[in-house]
Amino acid sequence: MAAILSATGERDPLRTYAVNQDGTLHVLEAARKFGVRQVIFTSTIAVFGPGLPPLVGDDVSLRPTTMYGVTKVAGELLGEYYSRRHGLDFRGVRFPGLLSAVLPGGGTSDYAPLMYYETLRTGGYEAFCRPDSQIPLMYMPDALRALVELSLAPRERLGRCIYNIAAFSPTAQEIADEVARVVPGARITFKPDPARQAILDSWPRALDDTCARRDWDWRPAWDLARMSDDLTPKLAALAARAGK
Ligand SMILES: NC(=O)c1ccc[n+]([C@@H]2O[C@H](COP(=O)([O-])OP(=O)(O)OC[C@H]3O[C@@H](n4cnc5c(N)ncnc54)[C@H](O)[C@@H]3O)[C@@H](O)[C@H]2O)c1
């Protein structure tokens with residue numbers, strides 16, 4: 001799971017290549033050499049590129065615009081190669097943007113968790129995107145459960161190595177409205193950063209996860225409102241420790 005994420009990755013693309021692409025190859029090669037049975041890969045919505053329909057399935061052309069996305073496409077393909085060539089049980093998911101009770105790690109979806117965290121810490125947040133920005137998102141407990149369920153699924157049921165998984169796809173304004181519900185008086189404004197907005201605009205608005213639902217019974221358990229109720233007290237404790 002080690003990686004340099006999308007927004008941070010654009011600041012040092014060669015390091016991103018080294019960590020994400022060489023790192024994945026080293027994991028696969030170590031698995032082959034030492035007889036590891038299964039490798040689970042965490043891919044991303046950043047493997048997609050612009051010009052796709054609003055609901056994006058698994059098998060579309062992958063034309064990422066970031067080094068992060070390029071290395072994740074390559075990671076998917078390398079894993080499939082090791083599966084075919086060496087019989088490695090390689091499986092993975094394309095995660096949406098993730099929200100959790102820790103600070104985000106430099107992804108382009110960071111505006112979503114930061115809307116909660118910065119509002120709890122300071123009373124407001126200036127989001128680096130337009131209010132109509134819309135990408136698939138997921139709460140961390142669903143993301144972790146997906147990895148476990150995919151890992152345990154009978155191999156003969158799996159029709160592919162890499163699966164889209166989806167939970168909810170709110171616009172940034174809808175997230176801001178949700179934050180205002182759980183943190184009354186929240187002051188959320190929007191000031192798009194051109195570089196990160198361009199990445200957001202190249203990503204799908206929603207993912208079609210039909211194959212994951214069919215092959216290993218994937219179902220999300222968390223929607224935006226339920227996540228907000230669970231996440232807000234956890235981030236409030238984190239914000240209280242960080243101070244203003
Ligand atoms: N967070 C998201 O929204 C999201 C979305 C889609 C996919 N993913 C994928 O999920 C995985 C986990 O992401 P995350 O959100 O936990 O990111 P994160 O930035 O919080 O964690 C990445 C970890 O990788 C480690 N790392 C970086 N370079 C390393 C190196 N050279 N050697 C060893 N460790 C190194 C970092 O120390 C960090 O702990 C990644 O593969 C990421 O691409 C995350």
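Select Thr42 and the ligand: a polar side-chain atom of threonine 42 lies 2.9 Å from an oxygen atom of the ligand, a polar contact being a pair of N or O atoms within 3.5 Å. The model is predicted: local features need pLDDT of at least 70 and side-chain atom pairs pLDDT 80 or more, while totals for chains, interfaces and linings use all residues. Residues are numbered from 1 along each chain as its sequence is written, and side-chain values use heavy atoms, with hydrogens and water left out.

A backbone N or O atom of methionine 1 is 2.9 Å from an oxygen atom of the ligand. For leucine 98, a polar backbone atom is 2.8 Å from an oxygen atom of the ligand. On its own the ligand has 820 Å² of accessible area, of which the protein covers 60% (Shrake-Rupley method, 1.4 Å probe).

Next, show the shell around the ligand. There are 16 residues around the ligand, and Met1, Thr42, Tyr68, Lys72 and Leu98 come nearest; a residue is near if one of its heavy atoms lies within 4 Å. Colour by secondary structure: β1 (38–44), α3 (67–86) and β4 (97–99) each supply at least two residues of this shell, and β1 gives the most, with three. Helices (H or I, at least four residues) and strands (E, at least two) are DSSP runs, numbered from the N terminus. By class, the shell has nine nonpolar, six polar and one charged residues. Here Ala, Val, Leu, Ile, Met, Phe, Trp, Tyr, Cys and Pro count as nonpolar, Asp, Glu, Lys and Arg as charged, and the others, Gly among them, as polar.

Now hide the ligand and turn to the pockets. A pocket is an open set of points on a 1 Å grid over the protein atoms alone, where a 1.4 Å probe fits, with protein on both sides within 12 Å along at least five of seven lines; lining residues have an atom within 4 Å of a point. The largest pocket has a volume of about 540 Å³, the space filled by probe spheres set on the points. Its lining has 27 residues, and Leu5, Tyr68, Phe95, Pro96 and Leu98 are the closest to its centre. β1, α3, β4 and α5 (140–152) each supply at least two lining residues.

α2 (13–34) gives the most to its lining, with six residues.

Finish at Phe41 and Phe90. The rings have their centres 5.8 Å apart and their planes at 35°, so the pair is tilted; rings of Phe, Tyr and Trp (its six-membered ring) pair if their centres lie within 6.5 Å, with planes under 30 degrees apart stacked, over 60 edge-to-face and the rest tilted.

Notes. A polar contact is a pair of N or O atoms within 3.5 Å; within protein, one must be able to donate a hydrogen and the other to accept it, and residues adjacent in sequence count only if both atoms are side-chain atoms.
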